[in-house]
Amino acid sequence: MITLHVGFDDTDSPRMGCTTYVAALLVERLHGLGVSFIDYPSLVRLNPNVPWKTRGNGALCLRIRCDEDLLQEIEEIVLDTIEENADLSFAGTDPGVVFLVANKVPQEIRTFAKQTIQGIVKMREAMSLVKAFGAEAVGFKTGRGIIGGLAAIGETLEGDHTYELITYRTGENRGTSRRLDASSVATMNEKTAPLTFNNLDPETKRVLITPRGPDPILYGIRGETPAVVWRAHKMVRSLEPVERWVVFRTNHGTDAHLQAVNTIDEIRPYNPTVVRGTVTKEPYIVPRRHVVFSIKDETGQVDCAAYEPTGTLRKAAKALIVGDVVEACGGVRPASSNHPVTVNLEKLRILKLAPKLAFHNPQCPKCGGRMESMGRNKGFRCGKCGFRSSELKKQVTEENREVEEGLYVTSPRSQRHLAKPLCRYGREKSGNPSTIIGNWHFP
Ligand SMILES: [Zn+2]
């Protein structure tokens with residue numbers, strides 16, 4: 001018996017397909033060969049800020065135990081399934097597959113996975129690891145999907161992870177609008193949240209479990225355990241047939257892409273960051289209603305932007321003043337002709353609010369009227385009784401702040417796959433599942 005890891009990526013395009021669907025087909029086909037799965041299929045979201053990403057930038061890995069005699073047949077099934085289902089005629093679709101036989105995934109490949117989730121890696125780094133560990137890599141066209149395939153093998157999800165049960169539509173329904181009973185989604189949410197998350201947008205009540213677009217996904221339910229996403233799936237009433245479904249183990253909702261830097265000068269474009277600084281420029285609103293402010297530390301300064309659909313996060317950003325200390329989290333956009341390097345905020349932690357001071361002219365000690373300034377350092381004169389004083393000073397009062405210290409997160413409707421929603425704080429987990437539940441895939 002051998003342990004085989006099959007990682008693959010980049011089979012889809014904006015016009016069709018979904019790499020998770022290829023995984024779902026493979027689960028059924030490999031199951032038919034009699035192999036045993038040692039983990040749920042992993043769905044690993046890679047750095048959402050790489051400039052050439054396909055839609056969701058998700059890579060897949062299947063981990064199985066099988067007879068060594070089956071290896072060649074398995075490889076043929078995998079390659080055939082990818083070839084049949086990938087949008088190979090689309091210019092940006094470059095599928096890649098990696099096969100690795102290993103009882104334990106080497107540390108170097110795990111490190112590579114982390115770099116692929118948090119930063120930018122190169123094809124030759126992937127190929128040198130493939131060679132070093134005797135893996136086999138097959139690329140279609142440029143084969144760029146080999147990078148994601150290897151990363152999916154290397155992300156063993158022993159740290160924080162979540163689950164997603166994804167259902168797929170039958171062929172004739174793909175491309176049409178998805179038909180679900182929305183009230184059943186609301187009931188499911190009531191009964192299973194917060195162990196499931198991002199089912200509905202709380203502000204707009206929009207159903208978030210259905211994607212938009214021509215891909216074969218009907219809906220995906222995210223949650224903390226395989227059992228809860230399966231239970232939630234049973235509560236959703238679909239008005240169209242479900243062709244198949246699979247429970248994936250994922251890094252969704254874990255913030256795996258964010259990497260803290262020590263100082264502002266360590267920020268690198270395309271590397272999602274967590275950085276602290278003091279607000280140095282009052283927030284202002286740019287066209288399309290984005291809020292922009294700047295933070296600084298002893299090494300430099302960077303712009304931070306909160307986008308219009310980010311709800312409470314944008315409101316909090318708008319209420320900041322110079323002197324507030326914050327932690328900004330999000331993707332890093334490189335400088336362009338119309339803006340400097342900018343952190344696109346996914347989260348904002350307000351660490352310390354500065355006092356908001358208001359200065360008023362003093363009251364007249366004789367008649368109680370409001371005094372007027374006679375010019376800088378020239379004292380005050382009462383407009384009512386004419387009393388003058390060069391001793392009196394401006395009065396300072398502290399105004400209420402319209403925002404509190406704490407964590408602000410984008411609204412669920414604008415959260416990226418990797419962003420940890422508020423309801424997951426305190427639910428982080430680690431380790432691999434000890435058993436695989438019976439109902440983890442159909443058919
Ligand atoms: Zn007076």
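User: How many salt bridges does the count come to?

Analyst: Start with the general idea. Side chains of opposite charge can pair when their charged atoms come close. In this predicted model, the count comes to 24 salt bridges. The cut-off is a Lys or Arg side-chain nitrogen within 4 Å of an Asp or Glu carboxyl oxygen.

User: With which residue does E224 form a salt bridge?

Analyst: With K429; the closest N and O atoms are 2.6 Å apart. Now place the partners. E224 sits in the loop between β9 (217-223) and α7 (226-235), and K429 in the loop between β22 (406-409) and β23 (441-442), so the pair ties together parts 205 residues apart in sequence.

User: Are E224 and K429 buried or partly exposed?

Analyst: Buried means under 20% relative accessible area. E224 has 6%, so it is buried. K429 has 23%, so it counts as partly exposed.

User: Where do D324 and R401 lie?

Analyst: D324 is in the loop between α8 (312-318) and β15 (325-333), while R401 is in the loop between β21 (395-399) and β22. The pair therefore ties together parts that are 77 residues apart in sequence. Their side chains meet in a salt bridge, 2.7 Å from N to O. Both D324 and R401 are buried.

User: Which residue forms a salt bridge with R416?

Analyst: E346, with the closest N and O atoms 3.3 Å apart. This pair links distant parts of the chain: R416 in the loop between β22 and β23, E346 in strand β16 (residues 342-352), 70 residues apart. R416 is partly exposed at 29% relative accessibility. E346 is buried at 5%.

User: Which residues do salt bridges that share partners join into one network?

Analyst: E28, R174, E243 and R244.

User: Which residues gather in a patch of negative charge on the surface?

Analyst: E73, E76, D80 and E83. For the general idea, recall the helix turn. An α-helix has 3.6 residues a turn, so residues three or four places apart point the same way. With a relative accessible area of 43%, E76 is partly exposed.

User: How many residues of helix α5 are buried?

Analyst: In α5 (residues 145-154), 10 of the 10 residues are buried, so the helix is largely enclosed by the rest of the structure. Among the buried residues are I146, I147, L150 and I153.

Technical notes:
Residues numbered from 1 in each chain as written. Predicted model: local features only at pLDDT ≥ 70, side-chain atom pairs only at ≥ 80, totals over all residues. Heavy atoms only, no water. Patch = residues over 30% accessible without salt bridge, like charges linked within 9 Å, V, L, I, M, F, W, Y side chains within 5 Å. Areas by Shrake-Rupley, 256 points an atom, 1.4 Å probe, with all protein chains shown as cover. Lys, Arg positive; Asp, Glu negative; His and termini not counted. Charge placed at Lys NZ, Arg CZ, Asp CG, Glu CD. Buried < 20%, exposed > 50% of the residue type's maximum accessible area, 1.4 Å probe, protein only. Helix = DSSP H or I, 4+ residues; strand = E, 2+ residues; numbered from the N terminus.
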